[in-house]
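Student: I should like to learn how to read the features of a structural model. Could we take them one at a time, with the general idea followed by the case at hand?

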Amino acid sequence: MGEASRYSQDGPDPSTLASARARLAADRADTLARAAALSRDFDGIVAANALIAVDDEHDPEGGTTAFERAHVASLMAQAREHLEELDRALERLEQGWYGQCEGCGRTIPPERLEIRPAATTCVTCARGGPRRQPPRA
């Protein structure tokens, strides 16, 4: 299936796709940098705790340390999830489906993709609006 058959007449043009690829790549680089910084923070928290005898039950700082560790671990998980979303968006871009709503098959507005380059749904579907089956060839 060629490029022309994958996009409707109102689908993304080549300059839009190049812009999307650049946004996705920049977002991915930022997310990788954030994940690396979070990993260093997590390692620092663990290393600091290894130097002291931690008794969470009696140590007034134990709860704070556990919270910090859990908070950073949660942020790391969010970064990993976002990287997966970006990778799936790049795959859709390469396959010719980028910018098409997975809920209804319509074109996702460029303004939405500007803000959320890895978006998989149009605003209507994201809000839980009425859907129709996407046209897949």
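Student: Is E94 buried or exposed?

Tutor: The classes rest on relative accessible area: buried is under 20%, exposed is over 50%, and partly exposed lies in between, with a 1.4 Å probe and protein chains only. E94 has a relative accessible area of 52%, and it is therefore exposed. Please note that this is a predicted model, in which local features need pLDDT of at least 70, side-chain atom pairs count only at pLDDT 80 or more, and totals for chains, interfaces and linings use all residues. Residues are numbered from 1 along each chain as its sequence is written, and side-chain values use heavy atoms, with hydrogens and water left out.

Student: With which residue does E94 form a salt bridge?

Tutor: Side chains of opposite charge can pair when their charged atoms come close. The criterion here is a side-chain nitrogen of Lys or Arg within 4 Å of a carboxyl oxygen of Asp or Glu. E94 is paired with R21, and their closest N and O atoms are 3.0 Å apart. Because R21 lies in helix α2 and E94 in helix α3, the pair ties together parts that are 73 residues apart in sequence. R21 itself is partly exposed, at 37% relative accessibility.

Student: How many salt bridges does the whole structure hold?

Tutor: A search of the whole structure gives 3. One of them joins R28 to D87, with the closest N and O atoms 2.6 Å apart. That pair also links distant parts of the chain, R28 being in helix α2 and D87 in helix α3, 59 residues apart. Both side chains belong to partly exposed residues: R28 has a relative accessible area of 26%, and D87 has 28%. Another salt bridge is formed by E114 and R23, at 3.2 Å from N to O. Here E114 is in helix α4 (residues 110–115) and R23 in helix α2, and the two are 91 residues apart.

Student: Is R23 buried or exposed, and what does it touch beyond its neighbours in sequence?

Tutor: R23 has a relative accessible area of 19%, so it counts as buried. A contact requires heavy atoms within 4.5 Å. With neighbours within four places in sequence left aside, R23 contacts Y98, L113, E114 and P117.

Student: How are helices defined, and how many are there?

Tutor: Helices (H or I, at least four residues) and strands (E, at least two) are DSSP runs, numbered from the N terminus. The protein has 5 helices and 0 strands, and its elements run α-α-α-α-α from the N terminus on.

Student: What span should helix α2 have?

Tutor: The expected span of a helix is 1.5 Å times one less than its number of residues. Helix α2 (residues 14–50) has 37 residues and should span 54 Å; its end C-alpha atoms are 53 Å apart, which agrees.

Student: Which residues touch the most other members of the largest nonpolar core?

Tutor: A nonpolar core is a set of buried Ala, Val, Leu, Ile, Met, Phe, Trp, Tyr and Cys residues joined through side-chain atoms within 4.5 Å. The largest one has 15 residues, and Y98 and C101 touch the most other members. The elements that give two or more residues to this core are α2 and α3 (62–95).

Student: How many disulfides are there, and what is the case of C101?

Tutor: A disulfide is a covalent bond between the sulfur atoms of two cysteines. The test is a pair of cysteine sulfur atoms within 2.5 Å, and the structure holds 0 disulfides. The closest cysteine sulfur to that of C101 is in C125, at 3.6 Å, which is too far for a bond. C122 is likewise in no disulfide, the nearest cysteine sulfur, that of C125, being 3.7 Å away. C101 is buried at 1% relative accessibility, and C122 is buried at 8%.

Student: What share of the protein counts as buried?

Tutor: Of its 137 residues, 31% count as buried. Among contacts with a separation of 6 or more, 65% are between residues 24 or more positions apart.
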